[in-house]
Amino acid sequence: MDVITHIPSPLGTITLASDGAALIGLWFEGQKHDLAGLSPTPVEAELPVFAETRRWLDCYFAGGVPDFTPPLAPRGTAFQQRVWALLREIPHGCTASYGELAARLGCLSPRAVGQAVGRNPISLLIPCHRVLGAGGRLTGYAGGLWRKEALLRLEGILPKEESSCR
């Protein structure tokens, strides 16, 4: 049985989902593919993994680098799992391009990698916002490009004073 809860964040309401032990989803309100892969009738409740995720998010949104990660169990295809594993290797404050990820996977298609990145069910903790287009372009983010920009600013990747989105 899947369990969900909703929490506020500086970038809007977040829905957390769990299988009862691990986090299986973290989506911003209105995010593409939100609740994908969940049972049709998830139960709303509180779980220890949600408290741990809140603690991680509080540290992150305060500008810190959390030194722990709640248990994660994203649901997806074998290829998606490989892409999401690479995303977790992108350090806080750093970025990678779709092409770089494709090359690391031995995949000829950055587009296929982009599709897997876009289906990432656990935003922030699996940091798909750190993936940029060719030449460092801000492209694609299921939670909205304005959120991607805000997250990159929070991590010091983009300068704080400029804004080109929203």
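Okay, let's start with His33, which is partly exposed, with a relative accessible area of 33%. By that I mean the band between buried, under 20% relative accessible area, and exposed, over 50%, with a 1.4 Å probe and protein chains only. His33 sits in the loop between S3 and strand S4 (43-44), and its phi is positive, about 65°, although it is not a glycine.

Before I go on: this is a predicted model, where local features need pLDDT of at least 70 and side-chain atom pairs count only at pLDDT 80 or more, while totals for chains, interfaces and linings use all residues. Residues are numbered from 1 along each chain as its sequence is written, and side-chain values use heavy atoms, leaving out hydrogens and water.

Back to phi. Most residues other than glycine have a negative phi. Leu124 has a positive one too, about 70°, and is not a glycine either. You'll find Leu124 in the loop between helix H4 (110-118) and strand S6 (131-132). Is Leu124 buried or exposed? Buried, with a relative accessible area of 1%.

Now the overall layout. The chain has 5 helices and 6 strands, running β-β-β-β-α-α-β-α-α-β-α from the N terminus on. Those are DSSP runs numbered from the N terminus: helices are H or I with at least four residues, strands are E with at least two. Of the 166 residues, 46% count as buried. The C-alpha atoms fill a box of roughly 45 × 35 × 30 Å along the principal axes.

Next, Ile24, in strand S3 (residues 23-28). Ile24 is buried, at 4% relative accessible area.

Last stop, the helix pair. The axes of H2 (residues 78-87) and H3 (residues 98-105) come within 11 Å and cross at roughly 115°. Axes are lines fitted to C-alpha atoms over the stretch in contact, with angles from 0 to 180 degrees between N-to-C directions. On the H2 side we have Phe79, Arg82, Val83, Leu86 and Leu87, meeting Leu101, Arg104 and Leu105 in H3. Those residues divide into 6 nonpolar, no polar and 2 charged, where Ala, Val, Leu, Ile, Met, Phe, Trp, Tyr, Cys and Pro count as nonpolar, Asp, Glu, Lys and Arg as charged, and the others, Gly among them, as polar.

How values were computed:
Contact = heavy atoms within 4.5 Å.
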